[in-house]
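I opened my notebook beside the model and went through the contacts between chains. Here is what I looked up, entry by entry.

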Amino acid sequence: MDDSTIGSRMFKLAEELFPVCRSITGDGTRDTLKRFQKEVPEITIHEVPCGTKVFDWVIPKEWKIEEAYIENSAGQRIIDFEENNLHVVGYSTPIDEIMPLKELDKHLYSLPEHPDWIPYVTSYYKERWGFCMSHKQRLALKEDQYHAVIKSKLFQGSLTYAELLIPGKTEKEIFLSTYVCHPSMANNELSGPVVQLELAKWLLQNKDRKYSYRLIWIPETIGSITYLSKNLAHMKKNIIAGYNITCVGDDRAVSYVSSRMKHTLADIAAKNVLHFMAPDYIEYDFLHRGSDERQYNAPGVDLPVCSICRSKYHEYPEYHTSADNMSLISPAGLEKAYDIYREIINSLEYNAKYKINCYCEPQLGPRGLYPTESFNRSSMAVQDMMNFIAYADGTLDLFEISKIINVPVNDLHHIAVKLKEAGLFSEVE
Amino acid sequence: MDDSTIGSRMFKLAEELFPVCRSITGDGTRDTLKRFQKEVPEITIHEVPCGTKVFDWVIPKEWKIEEAYIENSAGQRIIDFEENNLHVVGYSTPIDEIMPLKELDKHLYSLPEHPDWIPYVTSYYKERWGFCMSHKQRLALKEDQYHAVIKSKLFQGSLTYAELLIPGKTEKEIFLSTYVCHPSMANNELSGPVVQLELAKWLLQNKDRKYSYRLIWIPETIGSITYLSKNLAHMKKNIIAGYNITCVGDDRAVSYVSSRMKHTLADIAAKNVLHFMAPDYIEYDFLHRGSDERQYNAPGVDLPVCSICRSKYHEYPEYHTSADNMSLISPAGLEKAYDIYREIINSLEYNAKYKINCYCEPQLGPRGLYPTESFNRSSMAVQDMMNFIAYADGTLDLFEISKIINVPVNDLHHIAVKLKEAGLFSEVE
Amino acid sequence: MDDSTIGSRMFKLAEELFPVCRSITGDGTRDTLKRFQKEVPEITIHEVPCGTKVFDWVIPKEWKIEEAYIENSAGQRIIDFEENNLHVVGYSTPIDEIMPLKELDKHLYSLPEHPDWIPYVTSYYKERWGFCMSHKQRLALKEDQYHAVIKSKLFQGSLTYAELLIPGKTEKEIFLSTYVCHPSMANNELSGPVVQLELAKWLLQNKDRKYSYRLIWIPETIGSITYLSKNLAHMKKNIIAGYNITCVGDDRAVSYVSSRMKHTLADIAAKNVLHFMAPDYIEYDFLHRGSDERQYNAPGVDLPVCSICRSKYHEYPEYHTSADNMSLISPAGLEKAYDIYREIINSLEYNAKYKINCYCEPQLGPRGLYPTESFNRSSMAVQDMMNFIAYADGTLDLFEISKIINVPVNDLHHIAVKLKEAGLFSEVE
């Protein structure tokens, strides 16, 4: 694979990390975060002890798994954690028992509607054990004595997450969050962490940012709750827009999940950019939320956080199965998501209010900004500029003007720079 | 007819009262109200003397009619008030004269577009006399000398109305109004009074009401004006929602007539309940008003009153004719209207604002409120509860949350009770 | 042509003025304005010296042209300004040179998509010269030596405009603006000036106006900027609604161009009247502006000015070509525009807030305002009056009530007069 594009770089890192067995705690997640830190040394990794009270929750025990398999009476391993880490229910307690099929079956999970796929199942908050397999394989199981082995343990370790803070000219922050807690799945979830990692690199390269940036890689739900429990006051004070980056790897759709409030700056910027970059995007109401925006938007938390996905969690058939693998995502899929988020960040950085410095339309001709000869519709050439001027009353920001005159914020920014140079525009506030 | 259902009970009472000749004053109306009082002794009956000034109006004379008929020269009664009280124009002055067809015809009313039906005609505020008949019969009238007899009188009696006040925990009131002033017609009007009577019984049985209730049975227009002229200040202070109950007997449609302000609590509750119980309901703007909501919504009166009908006055062909008879309405038609109004009252009683007591989503599992094992979309089972929690910010009431998450207020109430018991919800205010 | 209608009077004056070579300055424009003054002596004509600074602009030199033509080597005039003043690029500098076709061609303008029409071209702010011709003629030009002659001059004269101020009972003003700067074209532009002239006559005849009126005939863009630079403070203080009258001569469409703010009183009145008088009118957003409303709506100027056209500039094929001639417009086309503007002005004059003086519906019968006998839907006859009463709460003005009950402001005014006479209505404020 070509390594020269951002898309292929992201894909390659996802490929490397795909086999790792991640969960909401444990070494799989820890190692993944350390790999990111190798790419971006500014990232810091935090450990929060198990048992810590975080709002209404308590951080559960850390889970460690060495091996897991089922053997039939002939000693053949019919499924093995080594082959696919989805075979074991996440957070399974240890087991080492021989039992008849009837007993084993109570601990098996499969998908009748997708008989070739292994489902992804977890049981974080109730201790149990189980195995997942394709429905085809399950149906083929014969009456037999099976040896079920899970060499795991639950212990007082810690929950791990990574954080990157990039200071800007103001304390106001843009917030990016993605989660690292799923085993071998690609769109949900490796796509999110690798896209956010590339955004981190790009942000670090650009020293001239207006806003500060807060990027976190956390386990889903318990991780965002943990992070909020430590940073809520600061986040409520400073965050002007945030995005939960998840399911950004395939190339079938572009989706937007609104914040609870629907019209926050995060939503405005997201919809504005999508209107130009992915006009056919699918809009999901907050009722279709399902990831960490649930916590960021909770009553009392009230952060302006929405989400842009490619094919959104819950909405594609391979979701939470073994079919959500590396063949589902692509460099192009990842890169388009990356480009959209970058454009959103640029739009937020560029957003401002401008006021024209004279009454009536200015005379653009002598300033070299207007064709001097009126021939039918020649004025169309500078239409965007004239429309911008017509609305530059100091009360409308670039997102509002963009919506009215249908010109991207990025283009408006460049027109504004020209008009400021010509002495015709002033920035307001 | 089966007497065991509320619908059949209402139908039976309407059947009993159908033959009575009601008008805006007089014994027909008085007797009807007394019959209701027999069912619900808490009802009080009021008499207001004729000539009383009520806002811009004066209560007209009381009308009494003994008999009325037209005889041809052969002495045959061609129409007779005894057979159908619609044959006489309401408030007809007395007459006892022999006249040729040409003269009589000036006093006849019929419906060419419905040749078999007798129209319903009144002349309350200008003294005149007249007879109504089917157009078929009118066309068959021959040249002859006709004897027109109406033994009626207009005298200084009184206007009669009934009132039921049910105190609640607060002085804030829910207001129900229906009218009793039409002779033998069923959808418009006996349906309204009998449905309201059953609602009265149901309200009296439930001692634990938050709101006080004000129910009135009045003659239309002059009755509501009279009632308002005596109670306006109190009503403006206390009524939070009111409904004019009319045309609630047939089973062809469910209709809603908005208040003038369109978005009062009465409208919100009505539309919320109809969305779930009668999603195909017809919505009529206040421009299609035509009953006592005209007075309740008048400028300066400004009460939050709207209306839910089955087939609405003016909108069904039998309206104000002899075809609006007992065969037009049904126990099922009446009972559905009763059920809708009862659900509206329950929703108003249940409506409240709730606030979640913790930051982020609460941990429902240990409280037995959430499935502990995550397997694909298992979270769908508690979706309504999770959605409710996501919007329980203390600013939205149950009607608003119901609209956002598409769950009936009644269901939300039961979820809120559970979450209050679990210590997770507090009621606000 | 019949001279007895307003439409034919306007058409005749346009016909008379059609051949005059107008521009943003010069005698053609001056003479046209003097001709208007002959019709309405109250009009005053203003001269503003060239070189005057007007906001961001400077009034350019005055342009004078005596003759212009191109001769081929055989001495034949192949195009001549005498035949059609569109043949010369407006504001052409003088030239008197013999040149080959290749050189001449750099100064020629034609329309390949309309090969029979001469385009209209100007170059006000950059000195150049040029000729316009039909594309058919241009294609037929042979290699030859051509003699290009333009006897014109640019000199320190003045810019001319006309103004008519009509005082009313209040200082609040209604503003009408039209432009006079185009040579031989009919819809754009002679239609505007002649319609506004008839409105001026009509306004002067009616002495009982609530509002003052400000009517101006100016060169487009530089004229409105000049006028604003002299009158802005006064206009901002007093103008409640204004209209830019242009392209009001043909009979193919009725168009409305909104103000920048979209919902000013000018827009409200325009849309209200169009809803009743031209329900199929085309609505153009302010993005489709293109005339002096650009200046009136500029940020900081902020006047409530919109526009009603017949076929709008930019939107009809003949726009800015020789095909926009007298055959394109008609007395009927002009008169409908005149009627619409007159109705708008009447609606603005009539607009007020009314409050009913009693609680509940008033008793209209005894006042002779209501049918006394109720027979089916007889109340429909007074429906407009009853609906008006139902909304006469003192907070809604006639435009708002008109929109709700779908009755023209003019009709509401006449109902209000009746109800005031009956003592039932009071005007609020």
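How many salt bridges are there between chain B and chain A? I counted 3 salt bridges between chain B and chain A, a salt bridge being a side-chain nitrogen of Lys or Arg within 4 Å of a carboxyl oxygen of Asp or Glu.

**Ground rules.** This is a predicted model, where local features need pLDDT of at least 70 and side-chain atom pairs count only at pLDDT 80 or more, while totals for chains, interfaces and linings use all residues. Residues are numbered from 1 along each chain as its sequence is written, chains are lettered from A and ligands numbered from 1 in the order in which they are written, and side-chain values use heavy atoms, with hydrogens and water left out.

**Chain B against chain A.** I looked up one salt bridge by name: Arg260(A) pairs with Asp393(B), and their closest N and O atoms are 3.5 Å apart. Next I checked polar contacts, and the rule gives 8 residue pairs across this interface of chain B and chain A, both residues at pLDDT 80 or more. A polar contact here is a pair of N or O atoms within 3.5 Å; within protein, one must be able to donate a hydrogen and the other to accept it, and residues adjacent in sequence count only if both atoms are side-chain atoms.

Which elements of chain B each supply at least two residues of the side that touches chain A? I found β19 (374-375), α10 (383-391) and α11 (398-405) of chain B. Helix α10(B) gives the most, with 5 residues. I took helices (H or I, at least four residues) and strands (E, at least two) as DSSP runs, numbered from the N terminus.

I then sorted the residues on this side of chain B and got 14 nonpolar, 5 polar and 5 charged. For that sorting, Ala, Val, Leu, Ile, Met, Phe, Trp, Tyr, Cys and Pro count as nonpolar, Asp, Glu, Lys and Arg as charged, and the others, Gly among them, as polar.

**Area.** For contact I used heavy atoms within 4.5 Å, and 24 residues of chain B are in contact with 32 residues of chain A. The two chains bury about 2,500 Å² between them, 52% of it on carbon and sulfur atoms. Buried area is the accessible area (1.4 Å probe) that two parts lose on being put together, summed over both. Tyr359(B), Cys360(B) and Glu361(B) supply 26% of the area that chain B buries against chain A, more than any other three residues.

**Chain A against chain C.** I repeated the search here. There are 24 residues of chain A in contact with 33 residues of chain C, and this pair of chains buries about 2,500 Å², with 52% on carbon and sulfur atoms. I counted 3 salt bridges between chain A and chain C. In one salt bridge, Asp56(C) meets Arg367(A) with the closest N and O atoms 2.7 Å apart. The polar contact rule finds 9 residue pairs across the interface of chain A and chain C.

**Symmetry.** I superposed the copies by least squares on the C-alpha atoms of residues with pLDDT of at least 70 in both. Chain B goes onto chain A by a rotation of 120° with 0.2 Å of shift along its axis, at an RMSD of 0.1 Å. The two copies are therefore related as by a three-fold rotation axis. In chain B, the C-alpha nearest the axis belongs to His263(B), 13 Å from it.

**An aromatic pair.** I noted 48 aromatic pairs over all chains. Phe286(A) and Tyr391(B) have ring centres 6.0 Å apart and planes at 85°, so the pair is edge-to-face. Rings of Phe, Tyr and Trp (its six-membered ring) pair if their centres lie within 6.5 Å; planes under 30 degrees apart count as stacked, over 60 as edge-to-face and the rest as tilted.
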